[in-house]
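This report goes through a protein chain from its charged pairs to its helices and its inner spaces. Please keep the sequence and the 3D view open while reading.

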Amino acid sequence: MMEWIAALVPALLTEHAPAVLVVAPLLLAAVAALMPEGRSAWAIALVGTLVSAVLSIVVAVDVQTGGVVSYALGGWEPPVGIEFRADALNAALLLLVSGLGLLSVVYALPSVADEIEPHKRALFYSAFLVCFSGLLGVAITGDAFNMFVFLEISSISTYVLVGMGAGQDRRALTAAYNYLILGTIGATFFVIGVGFLYMATGTLNMADIATRLPDLSGSRVVQAAFAFIIVGLGLKAAMFPLHLWLPNAYAFAPNFVTIFLASTATKVAFYTLIRFLFDVFYPDAAFVQASFVWVFAVLGVIGMIAASVQAVFQSDARRLLAFSSVAQVGYMMLGLGMGSAAGISAGLLHLMNHAMMKGALFMALGGFAIRFGVRRISDLNGLGRTMPATAVAFTIAALSLVGLPATIGFWSKWYLGIAALEQGWWWALAAIIISSILAFFYAGRLLLAVWIAKSPEHHGVPARARSPMMMIVPLWILAAANIWFFFDPEPLLALARAAADAAITGAGQ
């Protein structure tokens with residue numbers, strides 16, 4: 001299927017696909033900002049995400065058939081010039097970000113019209129395209145400083161997008177401000193670390209840095225760079241306990257923004273951690289080895305349990321799912337902390353699965369909200385009878401979050417548990433089980449409200465109601481994917497294994 005789509009793309013676009021998939025939405029962001037009304041800006045956002053999705057497929061096919069793809073910007077060959085570089089690791093991420101971005105934009109038209117004031121909608125879609133372009137840039141760049149630039153491009157636009165939720169809830173402004181402060185701290189730590197790397201190696205090309213660092217593993221400058229970069233990226237990825245920006249950002253942002261961020265933003269930061277740990281720093285170095293167990297694995301396990309406990313006691317549905325996201329990041333960090341191909345593959349599989357399940361959950365909440373203004377868990381009471389199509393999709397994604405069989409969430413936890421046993425980490429397996437039990441309780445609270453509790457009067461008289469079709473279609477695509485990939489997990493497993501192998505192979509070069 002991907003090969004067939006790639007074959008339809010003109011040769012000129014195929015040749016420059018790594019650059020165009022990032023530049024196209026960035027240029028279209030300026031066009032969207034000039035549009036007189038929101039629908040035209042939405043159409044431009046749709047075109048931008050569609051172009052990037054198609055070109056991401058082109059890049060993925062090129063990687064599949066020819067190995068690593070290197071694109072020198074401006075004709076300056078690396079390591080002197082800036083390089084866009086794609087392998088199996090980031091090709092999978094490009095597909096994820098562009099695919100979820102496209103589905104989110106399809107969903108956005110009625111959702112944004114409901115939440116954003118008419119005169120702000122064009123600027124809203126413009127900010128989204130800037131954020132989208134920044135995330136793609138982070139995923140494909142091969143230059144450490146360029147990665148910082150793209151991180152900031154995506155982050156600054158995200159602060160704006162979160163703050164635009166103030167029309168529905170003034171707490172969005174506080175959430176955006178807190179996100180800005182913590183995001184700036186994270187970015188500062190990251191760029192300081194990049195500066196230390198440049199001081200030690202004299203280059204910013206990540207592949208070039210990697211060739212020089214094995215001889216400098218005892219350098220205090222390199223170790224300081226590692227510490228700064230890990231803290232900066234850990235904050236961007238919402239790694240426990242650096243997650244404090246996430247619950248309010250997800251809870252008070254516009255529904256469309258929450259869907260897109262929950263599906264992509266922390267995943268891109270997690271990818272960046274893998275890229276630096278395996279392709280830049282030498283993983284056999286003592287300080288890197290220590291970080292696997294004592295930073296990523298330990299904090300991942302604590303985050304899995306602590307955030308799940310916090311989720312159990314939430315009264316706001318979106319805050320509950322936000323704390324759940326922190327717990328799910330913990331699963332990914334545990335896989336990374338194993339430092340093995342099996343662990344990284346399981347973490348990356350969970351990354352892809354979590355994007356689909358959490359995207360569907362937030363889409364369903366947005367569907368409930370556009371009809372009934374749902375925010376609190378008690379507002380969900382009886383919606384299974386009032387909005388059955390949305391409620392069934394919500395239920396599928398919630399069960400996937402728990403990890404029950406017949407959903408993709410089962411395979412994430414299964415392979416993560418196997419990887420933990422291969423390491424002899426019984427304590428990690430116990431943490432996975434405990435966190436899954438806690439997920440059963442907080443997801444159960446949502447499902448009890450939807451299907452068992454009696455409908456309150458404010459749900460109105462109609463026996464049946466539904467979200468607009470443009471919200472239902474992407475919701476059900478993700479809900480169906482949660483079931484489809486349980487019975488046919490091989491495509492996702494192949495992507496995760498190839499990505500993990502690319503990380504491990506890159507570390508050995």
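In which helix do Asp-279 and Arg-275 lie, and how many residues apart are they? Both are in helix α12, 4 residues apart, which is about one turn of the helix. Helices (H or I, at least four residues) and strands (E, at least two) are DSSP runs, numbered from the N terminus. An α-helix has 3.6 residues a turn, so residues three or four places apart point the same way.

The model is predicted, so local features need pLDDT of at least 70 and side-chain atom pairs count only at pLDDT 80 or more, while totals for chains, interfaces and linings use all residues. Residues are numbered from 1 along each chain as its sequence is written, and side-chain values use heavy atoms, with hydrogens and water left out.

**Salt bridges**

There are 8 salt bridges in the structure. The term stands for a side-chain nitrogen of Lys or Arg within 4 Å of a carboxyl oxygen of Asp or Glu. The table gives three of these pairs.

| Asp-87 | Arg-275 | 3.0 Å |

Asp-87 and Arg-275 meet through their side chains in a salt bridge. This pair links distant parts of the chain, 188 residues apart: Asp-87 is in the loop between β2 (83-86) and α5 (88-115), and Arg-275 is in helix α12 (residues 255-280).

How much of these residues can be reached from outside is given by relative accessible area: buried means under 20%, exposed over 50%, and partly exposed in between (1.4 Å probe, protein chains only). Asp-87 and Arg-275 are both buried. The relative accessibility of Arg-275 is 7%, which is why Arg-275 counts as buried. Asp-279 has 15%, so Asp-279 is also buried. Salt bridges with shared partners join Asp-87, Arg-275 and Asp-279 into one network.

Asp-169 is buried because its relative accessibility is 12%, whereas Arg-171, at 46%, counts as partly exposed.

Helix α6 (residues 121-140) has 20 residues, and at 1.5 Å a residue it should span 28 Å; its end C-alpha atoms are 29 Å apart, which agrees. The expected span is 1.5 Å times one less than the number of residues. Of the 20 residues of α6, 18 are buried, so α6 is largely enclosed by the rest of the structure.

The buried residues of α8 include Ala-172, Tyr-179, Gly-183, Phe-190 and Leu-197. The buried residues of α8 pack against α7 (144-163), α9 (206-212), α10 (220-236), α11 (246-252) and α12. After α8 comes Gly-202, with a positive phi near 75 degrees.

Ser-263 has its place in helix α12. Its relative accessibility is 0%, so Ser-263 counts as buried. Leaving out residues up to four places away in sequence, Ser-263 touches Leu-96, Leu-100, Ala-355 and Gly-359, where contact means heavy atoms within 4.5 Å.

**Cavities**

How many cavities of 30 Å³ or more does the structure hold? It holds 5. On a 1 Å grid over the protein atoms alone, a cavity is a set of points where a 1.4 Å probe fits but cannot get out, and lining residues have an atom within 4 Å of a point. A volume is the space filled by probe spheres set on the points.

The largest cavity has a volume of about 160 Å³. Its lining has 16 residues, and Ser-154, Ser-155, Tyr-179, Lys-236 and Ala-265 lie nearest its centre. Helix α12 supplies the largest share of this lining, 5 residues. By class, the lining has 10 nonpolar, 5 polar and 1 charged residues. Ala, Val, Leu, Ile, Met, Phe, Trp, Tyr, Cys and Pro count as nonpolar, Asp, Glu, Lys and Arg as charged, and the others, Gly among them, as polar.

The second largest cavity holds about 80 Å³ of space. Residues that line it include Leu-89, Leu-96, Tyr-271, Met-352 and Ala-499. The largest share of its lining, 4 residues, comes from α5. This lining has 10 nonpolar residues, no polar and no charged ones.

Conventions
On a 1 Å grid over the protein atoms alone, a cavity is a set of points where a 1.4 Å probe fits but cannot get out, and a pocket is an open set with protein on both sides within 12 Å along at least five of seven lines; lining residues have an atom within 4 Å of a point.
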